[in-house]
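Here is a quick tour for anyone new to reading protein models. Keep the picture open while you read.

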Amino acid sequence: MNEELASIGKSIVINGELSGSEDLTIEGRVDGKIELRDHVLTVGPNGRIKAQVSAKAVVILGQVTGNLIATEKVDIKENGSVEGDIVAPRVAIADGSHFRGSIDMQKKDQPSSVERPHFKEKPESKASVPAASVTNDYARV
Amino acid sequence: MLSIGQHNGKLTGLVTRFGRPLARPENGNGSVVAGSRPAAAIDGEPVHSSKTLAQFLSMVFARPAAELVDLGPVIGSNVAFLGERVGCKIHVEDLYRDIERHAREGTLDQFGEFLGTRFPARARSADAVLCWDVFDYLAPPAAAVLADKVKRMLRPHGLMLAFFGARASDDAHYTRFCIEDESHLRARHYPSACTRRWVLQNRDINFLFAGLEIFDSLLLKSGVREILFRKPL
């Protein structure tokens with residue numbers, strides 16, 4: 001069965017609030033707010049968004065200015081551009097994309113007992129650092 | 001514990017600025033999967049081991065919900081590593097992009113003034129700052145402004161990791177430092193309009209970062225100094 005995909009074409013300009021319960025592709029321009037709670041928003045290569053976005057997943061090939069909140073993933077593809085803050089448990093940023101802002105991948109409902117990785121190197125106290133030590137590759141100075 | 005210079009049982013030997021390239025391809029799309037254990041450089045992308053990076057990450061990891069400011073360009077694999085494994089919130093500032101714009105516009109002499117307007121609301125907001133080698137590209141007035149900004153930006157016991165080159169270079173490139181794992185960095189060069197490099201002597205560094213403690217300082221065979229600073233309480 002061919003499911004029709006909702007899309008906003010290149011020449012469409014929307015100012016205001018946009019919400020829905022299906023996946024959406026934007027190739028036009030949207031200024032305002034976008035909410036697709038359980039669905040995927042794709043900003044196509046021609047898409048220009050100035051909006052706060054909330055969705056299950058957001059895929060960006062065009063330009064977004066504004067904050068993004070995704071319950072699953074934000075994916076900035078090559079040539080995609082985002083200026084804003086991202087909150088999502090997973091964020092993928094391709095080489096050749098542009099991003100400026102902050103990224104928060106903390107799961108708000110994550111229990112504190114979740115196992116976190118163990119880093120090999122532990123901080124050394126200053127007292128344990130010799131004044132100068134030399135190995136084959138570096139000297140501590 | 002992995003010792004510095006050993007990489008999959010082989011001595012990497014830091015014979016170039018960032019290490020001798022080894023031959024092993026990474027995954028298909030050029031990105032590095034966070035959590036994997038990559039081992040070697042590919043052509044033109046040397047990998048070097050970094051003890052200060054391991055210390056830096058360990059100390060950031062120990063701070064719950066740490067906020068980290070990255071002054072370098074956004075790198076997907078670094079974001080995944082820092083966000084998913086280290087668990088910190090990342091602020092990407094990419095000063096290299098600003099330097100490049102000023103270099104192309106011929107306004108590098110005004111870069112210090114520009115930096116004065118950067119990071120407007122960041123006082124005492126950062127647990128850690130990754131400066132990479134940005135100071136090698138800054139003339140003394142701009143370096144002084146940035147150092148002051150970073151010092152203000154850090155919370156007490158906040159950390160700053162910076163690399164300082166040993167010699168000026170006419171190579172027209174910046175470097176993306178891709179975190180391979182907690183103690184290895186891959187150096188990926190990309191073209192720049194800015195070839196002017198500034199070499200800071202130890203006394204310059206001490207003067208610039210007066211007020212911060214040097215937590216650890218390593219001089220690599222390549223001449224690069226890796227310095228981990230910490231803001232006192």
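Ala65(B) sits in the loop between α1 and β4 of chain B (helices are DSSP runs of H or I with at least four residues, strands are runs of E with at least two, and both are numbered from the N terminus). Its phi is positive, about 50°, although Ala65(B) is not a glycine. Most residues other than glycine have a negative phi.

Arg124(B) also has a positive phi, near 50°, and isn't a glycine. You'll find Arg124(B) in the loop between α4 (111–116) and β6 (126–132) of chain B. It counts as exposed, with 11 C-beta neighbours inside 10 Å.

## How to read this model

This is a predicted model, where local features need pLDDT of at least 70, side-chain atom pairs count only at pLDDT 80 or more, and totals for chains, interfaces and linings use all residues. Residues are numbered from 1 along each chain as its sequence is written, while chains are lettered from A and ligands numbered from 1 in the order in which they are written.

## A helix tucked inside

Now look at helix α2 (residues 76–86) of chain B: nine of its eleven residues are buried, so the helix is largely enclosed by the rest of the structure. Among the buried ones are Val79(B), Phe81(B) and Leu82(B). The cover over α2(B) includes β10 (90–93) and β11 (98–104) of chain A, along with α1 (51–61), β4 (67–70), β5 (89–92) and β8 of chain B. Just after the helix, Gly87(B) takes a positive phi of about 75°.

Leu82(B) is also one of the residues in contact with Leu68(B), as are Val60(B) and Ile90(B), leaving aside neighbours within four places in sequence (contact means C-beta atoms, placed from the backbone, within 7 Å).

## A three-strand sheet

Chain B has an open, antiparallel sheet in the order β3-β9-β8 (strands pair if DSSP finds at least two bridges between them). β3 (47–49) and β8 (173–181) stand at the edges with a single partner strand each, so one side of each has no neighbour in the sheet.

β8(B) and β9 (residues 184–191) pair over eight bridges. Across from Thr175(B), the bridge partner in β9(B) is His189(B).

## Over in chain A

Chain A has zero helices and 13 strands. Of its 141 residues, 28% count as buried.

Methods:
A residue is buried if 20 or more other C-beta atoms lie within 10 Å of its own, exposed if 12 or fewer, and partly exposed in between; C-beta atoms are placed from the backbone. Two residues are in contact if their C-beta atoms, placed from the backbone, lie within 7 Å.
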